[in-house]
Amino acid sequence: MKITCGVELVNRAHPAISARNKTKYSVATLALCHKLKQREMHSDKDVFLILCTHKNPRGAKYKIYNNVDKLFTKFINDGKATLRFKEPPHDLIISKADPLQLKGFLHGVGLTIVGQGTGRIRLSETPTKVDRPKQKLAIMQRSDLPGKKGFPESLTWLQIQSCKLKKIDLGVLKLVHLEVLDLAHNSLKELPLGLSQLKLKELILHHNELTSFPPQLATGILGQNVQVLDLSFNNIAELSPYFCLMRKVSVLSLKNNRLSKLPRNFHSLESLRMFSASHNELKVIPFGIRKLQLDTVLHQTIVEYDLPYTSHYIPSTLVDYIIEQCVCPCGKKVFQNTSSCILVLDLYKLASTVVYINNTGRFKVPLEVYFCSTKCWKKVHYRK
């Protein structure tokens with residue numbers, strides 16, 4: 001019987017030293033082991049708890065029988081608990097554990113404490129290394145999906161791309177530690193309401209077939225935590241006013257949808273710094289958007305439909321940014337160049353009379369050219 005979790009060790013005999021040396025928890029493996037090789041003949045008095053960390057792979061040994069002063073299990077459903085030993089006077093603070101595994105482990109500890117564990121608990125071999133929980137998983141093929149085995153519950157980052165998913169696996173909704181979920185390039189048509197219970201910081205859903213963003217997601221735990229939201233390249237035609245309750249969103253992409261308007265309370269997205277909504281069907285933008293302190297906004301939305309962009313409607317910094325636009329050789333307007341190069345311009349091709357002559361004595365000057373895409377850059381580059 002063993003679990004992998006975060007462990008912090010506190011020495012009650014020297015509280016000042018423990019407080020001074022207190023650091024972030026260490027990833028560790030806790031195991032219930034027997035000191036004899038023939039485990040069939042063991043008694044509870046011979047069962048020990050082994051704490052194995054990266055710094056101490058051989059493990060620290062704690063006797064359990066009649067040696068645990070108290071078990072603190074108030075937050076066991078959050079994967080947290082504390083074991084208080086009599087000798088040595090240590091507090092073993094457990095965190096980041098799977099709640100179900102932790103309950104089973106502590107049940108075995110409890111039986112051993114009172115001498116009732118013999119034959120009722122399954123002991124483990126003495127661990128020789130720490131089983132670090134898997135935190136990141138990327139799946140790029142449908143055949144790599146875990147199926148009935150399920151996803152590791154310790155995941156904090158999950159990417160499932162190009163798997164033609166039509167719905168989100170229920171196993172994903174059980175990943176309570178998940179912070180980043182990337183489901184781009186699939187065939188999702190709707191989002192499950194259970195997604196609202198995840199504490200995601202980033203939700204990437206571009207290149208799907210979504211037609212809406214459920215208001216329940218914005219009002220749940222997801223809406224209180226999400227900071228990066230990418231809904232670009234979908235079929236969303238309208239956003240609910242509840243969408244703007246996600247006040248921590250700082251990066252929002254809505255480009256290439258079918259939006260004809262933005263919610264009137266769009267200014268409620270007070271943390272928004274980067275916003276993209278190009279290639280929609282927007283005719284007007286909410287007046288309140290001028291209250292946002294945006295760093296970057298995809299201004300094609302404004303220029304594409306010849307919307308007014310004076311400081312009465314949008315932030316003055318954005319007006320300055322739009323005014324500084326330049327033109328790609330293909331004719332498209334460039335706001336944030338993807339590439340540039342220096343060409344040579346013969347001034348006689350520009351004017352019949354040339355007054356300026358450079359230091360080389362030639363009637364040619366360097367010309368800086370910006371491009372809207374790599375494709376345009378290649379056309380000019382290979383033509384030189």
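Student: For contacts in the protein chain with a separation of 6 or more, what percentage comes from residues 24 or more positions apart?
Tutor: Such residues account for 41% of those contacts. Please keep in mind that this is a predicted model.

Student: How many helices and strands does the protein chain have?
Tutor: Seven helices and 19 strands are assigned in the protein chain. The chain has 384 residues, and buried residues make up 41% of them.

Student: What pLDDT does the protein chain average?
Tutor: The average is 78, and 71% of the residues score at least 70.

Student: Which elements have the lowest and the highest mean pLDDT?
Tutor: Helix H5, residues 300–304, has the lowest mean pLDDT, at 48, while strand S11, residues 202–204, has the highest, at 96.

Student: Where does pLDDT stay under 50, and how many contacts beyond four places in sequence does the model have there?
Tutor: One such stretch is residues 298–303, for which the model has 24 contacts beyond four places in sequence. Another is residues 354–361, with eight contacts of that kind.

Student: Moving to helix H2: what span should its 15 residues have, and how far apart are its end C-alpha atoms?
Tutor: Helix H2 covers residues 99–113, and at 1.5 Å a residue it should span 21 Å. The expected span is 1.5 Å times one less than the number of residues. The end C-alpha atoms of H2 are 21 Å apart, so the model agrees with the expectation.

Student: What caps the N-terminal end of H2?
Tutor: Asp98 does, with a side-chain oxygen 3.2 Å from the backbone nitrogen of Leu100. Just after H2, Gly115 takes a positive phi of about 80 degrees.

Student: Which residues in H2 are buried?
Tutor: The buried residues in H2 are Leu102, Phe105, Leu106, Gly108, Val109, Leu111, Thr112 and Ile113.

Student: And what covers the buried residues of H2?
Tutor: The cover includes strands S1 (2–11), S2 (26–34), S3 (47–53), S5 (68–72), S6 (81–85) and S7 (90–95).

Student: In which sense does S1 pair with S7, and over how many bridges?
Tutor: S1 and S7 pair in the antiparallel sense over six bridges. Leu9, for example, has Leu92 in S7 as its bridge partner.

Student: How many bridges join S1 to S2?
Tutor: Six bridges join S1 to S2, and these two strands run antiparallel. Here Gly6 has Val27 in S2 as its bridge partner.

Student: Now the largest nonpolar core. Which of its 46 residues touch the most other members?
Tutor: They are Leu158, Phe243, Leu252 and Leu254. S8, S9 and helix H3 (215–219) each supply at least two residues of this core. Apart from it lies another core, of 25 residues, among them Val7, Leu51, Ile64 and Val68.

Student: Leaving aside neighbours within four places in sequence, what is Leu252 in contact with?
Tutor: Beyond those neighbours, Leu252 is in contact with Leu229, Phe243, Phe266, Leu269, Leu272, Met274, Phe275 and Ser276. In soluble globular proteins, nonpolar side chains tend to be buried together.

Student: Backbone geometry next. Which residues does a cis peptide bond join?
Tutor: A cis peptide bond joins Glu87 and Pro88, with omega of about -10 degrees. Pro88 lies in the loop between S6 and S7.

Student: What is the phi of Lys164?
Tutor: Phi of Lys164 is near 55 degrees, a positive value in a residue other than glycine. Lys164 is found in the loop between S9 and strand S10 (180–182).

Student: Why does Lys164 count as exposed?
Tutor: Lys164 counts as exposed because its relative accessibility is 66%, and the cut-off for exposed is over 50%.

Student: What about the phi of His207?
Tutor: His207 has a positive phi of about 60 degrees, although it is not a glycine. Its place is in the loop between S11 and H3. With 29% relative accessibility, His207 counts as partly exposed.

Student: Lastly, where is the place of Pro146?
Tutor: Pro146 is in the loop between strand S8 (136–139) and strand S9 (157–160). With a relative accessible area of 21%, Pro146 is partly exposed. Leaving aside its neighbours within four places in sequence, Pro146 is in contact with Ile139 and Phe151.

Student: What separates the C-alpha atoms of Pro146 and Gly171?
Tutor: The two C-alpha atoms are separated by 9.6 Å, and Pro146 and Gly171 are 25 residues apart along the chain.

Note on methods:
Residues are numbered from 1 along each chain as its sequence is written. Side-chain values use heavy atoms; hydrogens and water are left out. Helices (H or I, at least four residues) and strands (E, at least two) are DSSP runs, numbered from the N terminus. Buried means under 20% relative accessible area, exposed over 50%, partly exposed in between (1.4 Å probe, protein chains only). Contact means heavy atoms within 4.5 Å. A polar contact is a pair of N or O atoms within 3.5 Å; within protein, one must be able to donate a hydrogen and the other to accept it, and residues adjacent in sequence count only if both atoms are side-chain atoms. pLDDT is the predictor's confidence in each residue, from 0 to 100. A nonpolar core is a set of buried Ala, Val, Leu, Ile, Met, Phe, Trp, Tyr and Cys residues joined through side-chain atoms within 4.5 Å. Two strands pair if DSSP finds at least two bridges between them.
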